Amino acid sequence: MKNLKLYIPDEQIYRFPLEKYFELKRIKSSKITTRRGQQLKLQSCIFCGKDEHFFIHLRTKLFICHSCNNAGNLGDLISILEETESHSFIKRLVRNKGFYREYRNPDKINIKEVIEQEKSEMEEEVKPIDPPEYFTLLNKANEYLRSRGISDEDVRFYKMGFCFAGRYAKRIIIPIIENGKWYGFVGRISRDRREGEDPKEFKKKKFRNTKDAPFANLLFNIEEASKHNEVVITESVLDSVSVGRDGTCTFGKKISDYQIRKLLDYNVRSILLLWDSDAREDMVKTIPKLRFFFKVRALFLKEGDPNSNRENLRKMMKKDSESFIVSRYEKILNRLN
Ligand SMILES: [Zn+2]
């Protein structure tokens with residue numbers, strides 16, 4: 001169950017008012033003193049229901065049931081107790097790891113549905129693909145890329161290329177690579193819209209991406225981005241490149257369960273959500289889901305996208321944008337105060 005929990009900042013774990021929280025949840029507990037320090041004993045275990053076997057250390061907030069052996073930390077505990085309000089994803093994810101097997105209300109979960117959902121997700125598993133025909137690596141940024149603020153170094157770092165002929169002729173190809181293998185690519189027309197050119201027509205031909213890749217399951221540049229303290233999530237590859245090496249992208253105004261799982265697999269803990277200015281509502285919808293697993297900041301752009309804001313982007317990103325968000329954890333704390 002590593003990482004599969006509500007994110008609570010370490011420095012807040014000790015301060016969390018556990019007794020008050022149980023009172024609010026109408027869970028009966030009593031304080032006892034052991035040689036390891038003060039502990040709370042719950043009347044019954046939240047997993048197996050057995051009486052007098054569930055203990056939580058008051059300082060560390062680590063819990064264990066000496067009957068069913070379920071154990072964990074504060075994030076695990078709150079995630080489970082808040083389960084009725086939680087997003088179905090955490091139920092599925094946690095259940096998949098066997099964590100819910102002993103849960104005392106298994107009737108609440110439609111197991112058949114869960115299995116079907118898991119199966120359909122597995123079928124979308126990503127597979128390596130080949131680069132397109134006539135693909136050549138670029139060594140420096142062409143005029144279009146330079147106009148979007150992309151440097152020669154960026155071009156080489158992200159292994160961008162160009163197709164001189166074929167289905168992707170005259171397109172800049174930006175691969176999505178993991179472990180040295182291609183899992184997809186974006187093929188963008190190498191120019192901006194010409195004056196007088198129909199915007200709708202241009203939009204149609206702007207991108208021609210590989211048909212073989214499930215984009216909802218891919219994250220651009222995730223290997224490199226995950227090495228940074230905070231991963232910046234944008235909508236498109238060019239936005240991601242404009243952000244910097246800590247940027248990744250979701251290929252749209254949505255993040256899939258698969259993409260979340262991938263972020264967890266790469267041990268990502270902190271996220272800055274940075275979609276386009278017209279994605280405000282999508283961001284507001286997505287943030288609570290992300291808050292289960294990551295520390296989340298969000299930057300709501302007033303206009304355009306990260307690329308069109310690139311000159312002031314880093315400055316804007318530095319500002320603490322967390323005030324925009326009432327996190328799930330903060331909500332729980334507010335209820336307690
Ligand atoms: Zn138990």
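Predicted model: local features only at pLDDT ≥ 70, side-chain atom pairs only at ≥ 80, totals over all residues.
Local features were considered at pLDDT of at least 70 and side-chain atom pairs only at pLDDT 80 or more, whereas totals for chains, interfaces and linings use all residues. Residues are numbered from 1 along each chain as its sequence is written.

The secondary structure of the chain comprises 14 helices and 13 strands; helices (H or I, at least four residues) and strands (E, at least two) are DSSP runs, numbered from the N terminus. Of the 337 residues in the chain, 33% are buried. A residue is termed buried if 20 or more other C-beta atoms lie within 10 Å of its own, exposed if 12 or fewer do, and partly exposed in between, with C-beta atoms placed from the backbone. Contacts are defined as residue pairs whose C-beta atoms, placed from the backbone, lie within 7 Å. Among contacts in the chain with a separation of 6 or more, 54% are between residues 24 or more positions apart.

An open sheet of 5 strands is arranged in the order E1-E2-E3-E4-E5, and its pairing is antiparallel. Pairing requires at least two bridges found by DSSP between the two strands. Strand E1 (residues 29-34) is hardly covered, with 0 buried residues among its 6 residues. A hairpin connects E1 to E2 through 2 residues, and 6 bridges join E1 to the antiparallel strand E2 (residues 37-44). In this pair, serine 29 is placed opposite leucine 42 of E2.

Within this sheet, strand E3 (residues 51-57) and strand E4 (residues 63-65) run antiparallel and are joined by 3 bridges. Isoleucine 56 stands opposite phenylalanine 63 in E4. Phenylalanine 54 is located in strand E3 and counts as buried because it has 25 C-beta neighbours inside 10 Å. Not counting residues up to four places away in sequence, phenylalanine 54 touches Lys41, Leu42, Ser44, Cys45, Ile46, Phe63 and Cys65.

Another open sheet is formed by 4 strands in the order E6-E7-E8-E9, with antiparallel pairing. Its edges are strand E6 (135-137) and strand E9 (181-189), each of which has a single partner strand, so one side of each is left without a neighbour in the sheet. Neighbouring strands of this sheet are turned against each other by 35° on average, direction ignored; axes are lines fitted to C-alpha atoms, for helices over the stretch in contact, and angles run from 0 to 180 degrees between N-to-C directions. Strands E6 and E7 (residues 161-163) run antiparallel and are joined by 3 bridges, with phenylalanine 135 opposite cysteine 163 in E7.

Lysine 159, in the loop between helix H7 (152-157) and E7, has a positive phi of about 55° although it is not a glycine. Lysine 159 counts as partly exposed, with 15 C-beta neighbours inside 10 Å. Asparagine 179 lies in the loop between strand E8 (171-178) and E9; this residue is likewise not a glycine and has a positive phi of about 50°. With 7 C-beta neighbours inside 10 Å, asparagine 179 counts as exposed.

The largest nonpolar core contains 51 residues, and those with the most contacts inside it are Ile173, Ile174, Leu218, Ile271 and Leu273. Domain 2 (124-213) and domain 3 (214-337) both contribute residues, so this core lies between them; the domain bounds come from an automatic or database domain assignment. A nonpolar core is a set of buried Ala, Val, Leu, Ile, Met, Phe, Trp, Tyr and Cys residues joined through C-beta atoms within 7 Å. Isoleucine 174 touches Tyr158, Met160, Phe185, Val186 and Val237, not counting residues up to four places away in sequence. A second, separate core of 13 residues includes Phe47, Ile56, Leu74 and Ile78.

In helix H11 (residues 257-265), the buried residues are Gln259, Ile260 and Leu263. These residues cover an arc of only 100° around the axis and are therefore on the same side of H11, the arc being that of the directions from the helix axis to the C-beta atoms. Just after H11, asparagine 267 takes a positive phi of about 60°.

Methods. Contact = placed C-beta atoms within 7 Å.
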